Amino acid sequence: MVDHAVASNAPLRATPVRLLPALLGVGALLLCVLLIWANFQRQLPGTLWWQAITQPDTTATDQVMLHFTYLPRLVVAVLAGAALALAGAIFQHLLRNPLAEPATLGISAGAQLALSIATVWFPAALYIGKLWVAMAGAGIALFAVMGLAWRQGLSPVTVTLTGLIVSLYCSTLSAVIALFNHDMLIGLFLWGAGYLDQNDWSSALYLLPRLSVLALLALVLLRPLTILGLDDSSARSLGVPVSWFRFAALALSVALTAMTVAVVGVISFIGLAAPAVARLLGARRLGQQLLWSPVCGALLLLTTDQLVQLLPTTYRAFPTGAMTALLGAPLLLVLLPRLKEAQPLLHSASQAVRRVQRPLLITLSLLLLVPVLLWVALCAGHDASGWHWLASTDELSQGLLQLRYPRAVAAFCGGAMLALAGGILQRMTGNPMAAPEVLGIASGAMLGVIVLMFTAVAPTRAMQIGAGAAGALLVLLGMLLLSRREHFSGSRLLLAGVAISSVSGLIMAVLKSAQDPRLGQLLSWLAGSTYHVVAAEALWSVLVLLVGMALIPLIARWLTLLPLGVQTAASLGLNRRAASLSLLLLTAILTAAATISVGPLSFVGLMGPHFARMAGFQRAGSQLLVATLFGGLVLLVSDWLGRTLIFPFQIPAGLLAAIIGGPFLLHLIARRT
Amino acid sequence: MSDKTTLSTARLISRRRLLCALATAPGWPLLAHAASSTPAMQRIAALDWASAENLLALGITPLTLPEIDRYRQLVMAPAVPDNVHELGLRSEPNMELLQALRPDVLVMNPELAPLQRQLEQIAPVVQFEAQGFAGDLRLASNQPIDQIEHGSQALQQLASQLGYGEQAAAYIADASRQFSEARATLAPYAGRPLYLISLIDARRTLVFCSNSLFQDVFNRLGLRNAWTTPGSAFGHLTVTLDQLAANREAVLVNIGNERLVQGALAMKIPVLNSLPAVQQKRVVLLPQTLFYGGLPSALRLTQLLASRLPLAEGALHG
């Protein structure tokens, strides 16, 4: 099938090019068989295998273990891997975005939120059925996405964006619940990490018939799906009711994912990596992708799981679902240069451009709002007896001001820097899902801080900043090295960033499930809290922000020219690689600086640029400026509200910004026609 | 070294005072004021649970405490009086509130060290670490620490700094008496293997390992931990339930989550139900205890074991 595709579709690409992927595929298969054999060997002598599989002796513990824990686990791994990969392949095709995966549409996040709420407030619901709670959460998230994107005819860009925001929104709410109740949620953290171990055949027997039916349905949808891969007008001219088929296909993949997630927990990365690997191995047409993606996904998850089971007992508690990132991320990085560059999703190309009426007036009002809101944030506060306004100059007021101004300033600068970085990334890659955390730099900073937390006995603030900066710098260097190669740009770089983010996701999942008493601190920092910021850091972030903003007029031209394509840009005198490299460097520095003070949960990096664009600021320079101001103000207000609303408890600014901003952004997306 | 000497002298002196103190337990702080050389501090803000637990154990009411409701659920004893100020999340003790309350001193766990310089603007800071860590790396190392000894020393040091040295000495002396009494009570269980767990869900449980505070309680009481390998730096591991079948003689002692465990037992979940301890009704349910709270936590577990373990033989709770 692969060879056929090569012959018919790409006669220029000869066999040698396919050699590496083919070798990798065969190698993975051999490795997997070897691991299964080793695991069998470890449990039982070969002569008893058949008996243990077919009719286990119920008095022999090792046979019972093989029959009721090892074998169902193997089957569940294959089923879950295949289902997630199939769903991922359909998503990526339908949304025309290589970054799309089952998690994109908020399915895992919705399920997780529902389970969090049930665990904390309605524990009885979990006795009735964890599965139903998870499915309900996933279903509600899906309906939210579909409802919001319906008026746009479920266009790929709208569904992707809405899905991403609903997903982020659900994880934000889960993060708030976790911040205040993490002592109660350890069982949920375990589910979130994706453990595959089984006690009996029930999960396997639940998944098998349901997933088979859904896979058959996918086959029926093959032809309409192929047409949906074209642009909407061609599809309509071929007589396809675009919205309805898209709805059916999305619902199908969501059902696949929701069932899998409900049963085995969150399995990261398979849905993203398996279709990419399948394409890299030569699956070009949709039919081939729908066949080979599940094969790759099943193999990837099975191999990971068998590896996990071979680990020494102490480390066998590592969650398979998160470990997939460890195998998948390097694989994806190695194969990335071969990935066909996806069609950029330019907003302006597909949608009617609405220009803002009075750009100068809006920009000036935003600028004026900065000192006003800063003043309110500094003076208005809450104490044990109620609200107060700092007017006097007594010692206490001075002390409170000393506590308040660093975090207010850092919140504004952090938000502004993230929005600026997000704006540059979205302009540069033409991908509406591009945001600073996607680039992996925020993950690098986060990993640096986590490593420090677990190696130093009493880390100081300066050490934390150093560790965060070092982590961010390492990832940045890696990214720069990758981008210097001809093959790496735009979407590929974003994919590499997603790969790195999922590795940090693995580490977080392991930490969360380890019941470490320091988890609370980590959770609050991850949630974008400005609590720890001191004066010197605030001043530094002002400096970085000012430099970044001063550069806007210079980079605006690049950002206008870059998306026009290599030829156009070159003919207008732009050194494309130098420009990309500089932009990337700037984004990385902004992200690292912001992450260290306000944490990696940078919803604002995604939200700021979209707000500016939807408000009618279409040109690069004005979009960046408005996005920057907007991002800063959102975080400033969030920080103030978070500090005062539930005094003496505090809600991290990053979380509150997401809670306030999410619905607003969704409203903008849904209203625009 | 010198710490140890002062500690043992303090113990000797305070034996007699201990009896006094026990007789008039609520009057402890007053007694201390009269006796101690340094003036005892009054407005002591506790920034974490372990500090608060240890202060309360000495009869000192802290000015503040984070997440009071959750403390009442998960630490339970010693009880928190109603006049203690809520300080917000453990990870982010509210500095504006601290500033307004004007405490004499702040007591905090070293994990809050990044805040130290900001906190020192408000009041002097005393670090208190009830749990000891072996080596520099926060990983289970080959150097075992006696957590009870570590917790006692830390408590003594903290109390001396705050002007409550005598109470601490008395408390520590009382603790060692309680350990010996409980050891005598539990003599029939000497050498008997026990799994000390905290059930998470129907498939998994925390198990307390050989490098935990609770292991040192076992050592004091002459009990044997059925789980023999070390765990994380905090002395526990998350394991699947089937691993508790390894020792078929063991008694299963569960800490906290009583309703969850009773529910799981009632639902006859296969793996849980197949464990020898459950089959032969050797299960004991204990209420929550903070597993990194130092000496007061060790004492609480001791009291709970001494009172509940003898009732458990053959009888399944719940």
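Mentor: Start with burial. A residue is buried if 20 or more other C-beta atoms lie within 10 Å of its own, exposed if 12 or fewer, and partly exposed in between, with C-beta atoms placed from the backbone. A nonpolar core is a set of buried Ala, Val, Leu, Ile, Met, Phe, Trp, Tyr and Cys residues joined through C-beta atoms within 7 Å. This is a predicted model: local features need pLDDT of at least 70, side-chain atom pairs count only at pLDDT 80 or more, and totals for chains, interfaces and linings use all residues. Residues are numbered from 1 along each chain as its sequence is written, while chains are lettered from A and ligands numbered from 1 in the order in which they are written.

Trainee: How many residues does the largest nonpolar core have?

Mentor: It has 304 residues. Tyr195(B) and Leu252(B) have the most contacts inside it. Helix H4 (residues 61-94) of chain A gives the most to this core, 18 residues. Helices (H or I, at least four residues) and strands (E, at least two) are DSSP runs, numbered from the N terminus.

Trainee: Which residues does Leu252(B) touch?

Mentor: Two residues are in contact if their C-beta atoms, placed from the backbone, lie within 7 Å. Leaving out residues up to four places away in sequence, Leu252(B) touches Tyr195(B), Ile197(B), Leu244(B), Leu275(B), Ala277(B), Val278(B), Arg282(B) and Val283(B).

Trainee: Why is helix H9 of chain B largely enclosed?

Mentor: Count its buried residues. Helix H9 (residues 213-221) of chain B has seven of its nine residues buried, so the rest of the structure largely encloses it. Among them are Phe214(B), Val217(B) and Phe218(B). Just after H9(B), Gly222(B) takes a positive phi of about 75°.

Trainee: How is chain B divided into domains?

Mentor: Domain bounds come from an automatic or database domain assignment. Here that gives domain 1 (2-183) and domain 2 (189-312). Their contact takes 31 residues from domain 1 of chain B and 26 residues from domain 2 of chain B. On the domain 1 side, helices H3 (49-57), H4 (68-74), H7 (147-162) and H8 (165-185) of chain B give two or more residues each. That side has 20 nonpolar, seven polar and four charged residues. Ala, Val, Leu, Ile, Met, Phe, Trp, Tyr, Cys and Pro count as nonpolar, Asp, Glu, Lys and Arg as charged, and the others, Gly among them, as polar.

Trainee: What span does H8(B) reach?

Mentor: The expected span of a helix is 1.5 Å times one less than its number of residues. H8(B) has 21 residues and reaches 30 Å from its first C-alpha to its last, close to the 30 Å expected. Its buried residues include Tyr171(B), Ile172(B) and Phe179(B).

Trainee: How many helices and strands are there in chain A?

Mentor: Chain A has 28 helices and two strands. Of its 673 residues, 54% are buried.
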